[in-house]
Amino acid sequence: MLQDKLWSDRGQKQGRNSLKQALTQLRKAFGADAHTAIQSNGGPIYLDRQNLKIDIFENGSERAGNTIYPKREFLEGIDIADPQFNHWLVEMRTNLAEPSLEQSIAVSDIQAAANAAPVSIGLFPSATDSSDLKAQITAGIIVDRIATGLRYYELVDVHDFREIDGEGDRGCDLLFSCKAVSLADVVSLSFSLRRVGDQMLVWSRQVNLELASLQSFRVSQVTADLVEQIIDRSFKPDIGIQSELHQAARNLLGGIDRLLRRSEPTVDEAINQLIVASELHQTSSAFAWRAYALAHRLEAGSSCVQELREQADALAAKAIETDPYSPLSRTLLTHVYGFVVRDFDRASSLIDPLRHDEPDLPLYHYVKGFLHVYMGEYASARSSGENAMRLGRSHPYNYLFSCLSLAANALSGDFQTAIRIGKQSLKQQSPGTFAFPPTLRYLAASHSNAGDERAAAELFGRVLKRNPDFSLERMDELGAPFPSDDVRQFLRDSLSGAQRSYVRFGGLIRT
């Protein structure tokens, strides 16, 4: 019943009264047309298709056989908290977003597709509440099994964003995500598969699992069924992954992942992919990401500093010219002007307008936080760091947000907090040589100031291993990646102590 889906947490009488009130308001909204638009004889309530234009049945929708699949999500943007309604909504979107399993792709079609370029599916970290251990464990088990199943078929490339050592050179066609929440001894998992170019939903499912079933054959049945559905859907012709727009998005994602994943120092390869993306589809964000990538090239110790700044300035101008109001581009370019060009006024002018409608995104708080760092506003930087870490807990590149919080706490003199967060940041990265250099520097500085000489020595050794040309003297050079004089002085003083400890302990380096 309708009232059970919208007011399932209320009694029958209260739910019935709420439904009557809602129908009264709905009829008032339709005005004089209410009697022809809404039909009800005391039983089912429905909209009269003869008198209404309903977009789900219009030409903008996709057809397969006699069934219609809308290009946009059913009831897109609706926000009703009732769990029964949301369960029904997921089922409806799934039914409308894809053909039934009876219409699965033929084996011959799969074989033909396998001979062409494989479809690449990216697996994102599961979205769960940090305190919901039941949901975290269950989602981890199921997604791990799905990843194994997809690889077994050898029909798709699997790019696991959850793996800190994974490669990101090819980009993805489709993005797989999982949301999980537990209630008593049952975990509800919502899965979705979206096209990377425009985030169009191409498949979704919701599964409820009892915790007691995690060690049973039930889990194998569920994951095998999900893998089969994902494979089938990935090769449907309406996915549309051969267009230039899609290939641009794929290269953009691949370039970003190459840039931010720390398993290999592949800044140049990342920039090349971003260039391909911007040539295929000239968007503001593509130019902004190319400019942002130059910050990582500068971090790597480029000797062509002035040339990098000129390139960054030209790309930033192109991004703003293409779309001066893009929040993502303005966020990325804030970092470009703060870190690369070192024009803090220009950086502030780009990000300040976004504060009126502050994006609830970790990258925004990360960039804003480091701008606070460069301007000596460490309390504000700590606040931004906390927001970035909270919002980016499940983000594939969450080490960046931890690094901001590490730096802000270290510069504020709270070395114990900085050390705790710095260790967390290292765990979020690829181990050893290719750890994020700023994390190593600020963590070594924090250990040195806290009097932990052995840890400071070890981390200073990792700084040298990551960049053999690093020296305290080079920190004063124009190309050194320290836009603020105060930050440079803090690191110079702190790392001097770490260097002495490194020499005292005989060049201790963790391999």
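Mentor: In this predicted model, helix 13 spans residues 344–351, and its buried residues are Ala347, Ser348, Leu350 and Ile351. These four lie on the same side of helix 13, because the arc they cover around the axis is only 160°. The arc is taken from the directions that lead from the helix axis to the C-beta atoms. As for what covers the buried residues of helix 13, the elements include helix 11 (305–322), helix 12 (327–341) and helix 14 (362–374).

The chain as a whole provides the setting. Its secondary structure comprises 20 helices and 9 strands. Of its 511 residues, 49% count as buried, a class that requires under 20% relative accessible area. Among contacts in the chain with a separation of 6 or more, 63% are accounted for by residues 24 or more positions apart.

Burial may also be examined in a strand. Strand 6, formed by residues 156–160, is mostly covered, with 4 of its 5 residues buried. Strand 6 runs parallel to strand 5 (residues 119–123), and 5 bridges join the two. In this pairing, Val156 of strand 6 has Val119 standing opposite.

To return to the part requested: Ala347, Ser348, Leu350 and Ile351 are the buried residues of helix 13, and helix 11, helix 12 and helix 14 are among the elements that cover them.

Terms used. Residues are numbered from 1 along each chain as its sequence is written. This is a predicted model: local features need pLDDT of at least 70, side-chain atom pairs count only at pLDDT 80 or more; totals for chains, interfaces and linings use all residues. Side-chain values use heavy atoms; hydrogens and water are left out. Buried means under 20% relative accessible area, exposed over 50%, partly exposed in between (1.4 Å probe, protein chains only). Contact means heavy atoms within 4.5 Å. Two strands pair if DSSP finds at least two bridges between them.
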